[in-house]
Amino acid sequence: MMSARATVAIVAICLGGVAFAQEGEAPPASQAPASPEAPALSAEGRDVLVSFQAVEGATSVRVERANPDGAFTALGEVAPSAAEPDSGLSYRDPDREPGSTLRYRLVALNAAGASEPSEEVEIRLVRAPGEVRVEPDADEPGALRIFWIDTDSAVRKWAIERRTVHEARGPWEVTDPPRAGSARVVGTKKRKKKKKKKEEGEDRPPRWIPGQPKPEGPQKPTGPELSYRDRSVDANVLYEYRVVALGSDSVAPSAIAHSAPSQAPKPPEDLLSGAFSVDQIVLRWTRGSDDVEGYRVERRAPGSKAWKTHGEPLPPWQTSYADGVGPGDAFEYRVLAVNALGEASSEPAGARTPTRGPSAQGLTGPSRIHRGPTAVPYTGDARPKVLQEHFSPLPDRWRITFPEWNRYPEGLADPEESPYEEGSGLNPYTQNVIKGDYPILGNDIFVVLEGQIDTLVEGRAFPFPSGVSTRSKRSEDFFGDFDQFLYNQNFVLSAEVFQGNTAFRPKDASFKVTAVGNINYLKAFEDNLVNIDVREGDDRLDGHIGLQELLIDKHIVDLGPNYDFVALIAGIQRFQSDFRGFMFADNNLGVRLQTNYLSNRLQLNLAWFHQLEKDTNSGLNLYEFRNQNVFVANLYIQDAFKEIGNALLGHDVLGYTLLFNYHYNWDNGGRHYDTNDFLLRPAKIGQAGGAVGGVRDKDVNVHYVGFGGEGHIGPINLSHQYYLAVGETTVNEISGKKQNVLAHFFAIEASIDLDWLRFKASYLYASGDPNPSNNTASGFSAIFDNPFFAGSGFSYFNRQNIPLVQTGVQLTNRLSLLPDLRSSKLEGASNFVNPGLHLINFGLSARVTPKLFVDANVNFLFFDTTESLQYVLVQDNIDSQIGVDYSLGIQYRPFLTDNVIVTAGGSALVPGSGFRQIYTGQTLYSGFLALTLTY
């Protein structure tokens, strides 16, 4: 039979949303629960512990206590744990009056009502013994006698517990092995003769016990005085005692009493001092004897003869002391052991803190502070014993030095075998202040500098018309030479200054700037490509410097102890709005509110980007605004199937993240020519011109609603994304009309890992427009996509732009999978009159070695509809088959890090019937080699 929680989860799924079925949910109760069993009572001191079992069908159990008039008062309710519904329950009733008798009962509750009360249970709280004192036993030398006052006539047993003064924070132990059948050693209630009254002036003088309040005078006896002889003592050790009154279900410990020392203490031994940092000197010593009641630290400047007490008295269990000082300070110290009969001083020891140099300590090394003794001038017999084996002087908490490597005897060590390597300004793998290992200011301001050289060499072929002015003589063919050569060189310099300890929490504030210098060279073997002016020839050398990051990241507030937070990021920043970059992935100017919640399980971004124009040949940002605004809201839910999996399968389903996102593209791009003087906005195609021959501006107002997911369910890795695009464009270049947009996009990838191999299959659908001349545009177009899907980056169809000849637009743009007939992904506007796409992918990824990664893919490509192509090209009967795209990519990291990455790829597009009808049957190729160096 299906369980109740499974039914709840299935109903939630059928309603069309992602529901979180709470474990342990049950339908509302139809009747009140049964009466609970009687509780068990116990007490220690003034607190009563009520223990009981959960009641079947009850959501909680109410604990009640009887008043003096016999009526019961509710104290509180206890609910069973959802994780452990059958575990025992308890309720603590604090601060009850000793000597009182209390009655308790339980009532079980649920939505239908309350049960009958349980059986009543009674407990009596015993009174703690009074006036406990410890004295040497007059009748038996070497033993101690513990005296106390019997304050409760109902008590017939007492437990005598003991510990040493140096273990005063540890557990109590009984004084002798337990008697058979008894849990504790107990004294017997025997009335003692009254001691002879002390004469006037004979009162015991109060003694100082460090760490304890000063004793207030003895209490007046409220009952007979009892005593217990402890023979298992050491005359040179100080003890703490307490007497515990034992009732049938309650216990009550007395106040603590101390034994008195028999002699003055011996001085502390082996006092060591050392500079632990530039602002701290640490002392450590060994206890000279066990009859110490506390310690006192004294200090003086070198050359002075007067010692002065420094700091507060220390308890007897503390044998170390940290003194806050300044850089370069030198002091002499001594420690005095103290008890009621006297005090004794250790030998003096001196220490000096190091000084900071003129530049930041540890600029390229771990500390730049020398090890060994911190010698200090001294007077008299103060010797500079230092903590040279256990402590190294450090300027701050970040510069922790490596331990000395002394595995082999001196002279036999191999320096290359040492596992520790000091920092170097030229070695990015060791500690260094310029990569954030040490603060540059104070203890929480860091800097990270990063440099990168990215080199790309690429050969490719794509169909290009010979044009009105061909490169070769007597070239009458419509298509010219397909071959091209590209060299692209990027120099990246990034600097970040941030505040905060980021080991466990987000940065408090950050400022980051990244500049990219680009040099690119293109060699084509046809004119009309590198520039609209054919006189510019068939090659082009260009360069540009762009700001790809210039941002301030401010941490606003923490939302919980696990550092859930709210942060505001403003400026030019990198942002990708979904898992695979299908919609918006760009470095651009914007403001983003970032927050997470439930221990980072929920992540929310609210962003507004006011787009900058792009440089045509480098793809970097220009220093001018584009009249385009992009608004993004996305919500990530990690482990989204956890609760549903628990309800359906009985165990958690972890590792899968859901995404809900929204985009709004408001693009009033106006008229724009690229760097090479080609008109890109509006695209020079179809009916872009007006009635009198002018160019009409195009406005895009489109909303995108998306739903996606990424992660794994069991052994299956799954990634998917769906978008619905709705809105309008004021005019479409192809149709010449104002159009309403209604388009769809869907992509899914499933894969499975077998050791070092990953087998994957993917499908992508972008809707096409079957009627380009009507008022509805149903071809899907993204805002600024950069997808990582189906071999992206290696695939020909994704990596290369394929121009739609003699139209001024591209069939596909570089680093995009969408055949959206857009003039340029970088500078053109979205176009929703396009043929759409069906992509079927089969791929294999192999982690051949930790250094070598291989990715192979085969993509089968089809247009969704071809009516828009037929309309633009004035060509009938274009088939939907684009072709088959074969690609192979290799990435090699020789040092197992990202400091050096070598990437190579090759791909070929074998045309299908539709592609051949538009272009030719020539196979198109692409091959590249890239080298990335990062420091």
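This is a short chat about a few features of a predicted model.

Student: What should I know before I start?
Tutor: The model is predicted, so local features need pLDDT of at least 70 and side-chain atom pairs count only at pLDDT 80 or more, while totals for chains, interfaces and linings use all residues. Residues are numbered from 1 along each chain as its sequence is written, and side-chain values use heavy atoms, with hydrogens and water left out.

Student: How many aromatic pairs are there?
Tutor: The count comes to 20 aromatic pairs, where rings of Phe, Tyr and Trp (its six-membered ring) pair if their centres lie within 6.5 Å, and planes under 30 degrees apart count as stacked, over 60 as edge-to-face and the rest as tilted. In one of them, phenylalanine 582 and phenylalanine 745 have ring centres 5.1 Å apart and planes at 55 degrees, so the pair is tilted.

Student: Where in the chain do phenylalanine 582 and phenylalanine 745 sit?
Tutor: Phenylalanine 582 is in the loop between strand 30 (565–576) and strand 31 (585–597), whereas phenylalanine 745 is in strand 39 (residues 739–754), 163 residues apart; strands here are DSSP runs of E with at least two residues, numbered from the N terminus.

Student: Is phenylalanine 582 buried or exposed?
Tutor: Phenylalanine 582 is buried, with a relative accessible area of 7%, and phenylalanine 745 is buried too, at 2%; buried means under 20% relative accessible area, exposed over 50% and partly exposed in between, with a 1.4 Å probe and protein chains only.

Student: Which residues touch the most others in the largest nonpolar core?
Tutor: Tyr704, Phe745, Leu764 and Phe780 touch the most other members of that core, which has 58 residues. A nonpolar core is a set of buried Ala, Val, Leu, Ile, Met, Phe, Trp, Tyr and Cys residues joined through side-chain atoms within 4.5 Å. Strand 39 gives the most to this core, with four residues.

Student: And what does leucine 764 contact?
Tutor: Leaving aside neighbours within four places in sequence, leucine 764 is in contact (heavy atoms within 4.5 Å) with several residues, including Phe582, Phe745 and Leu837.

Student: Changing topic, what is the order of the open sheet with three strands?
Tutor: The order is 9-10-14, with antiparallel pairing, and two strands pair if DSSP finds at least two bridges between them. Strand 9 (130–136) and strand 14 (225–230) stand at the edges with a single partner strand each, so one side of each is left without a neighbour in the sheet.

Student: How many bridges join strand 9 and strand 10?
Tutor: Strand 9 and strand 10 (residues 144–149) pair over five bridges, and glutamate 135 stands opposite arginine 145 in strand 10.
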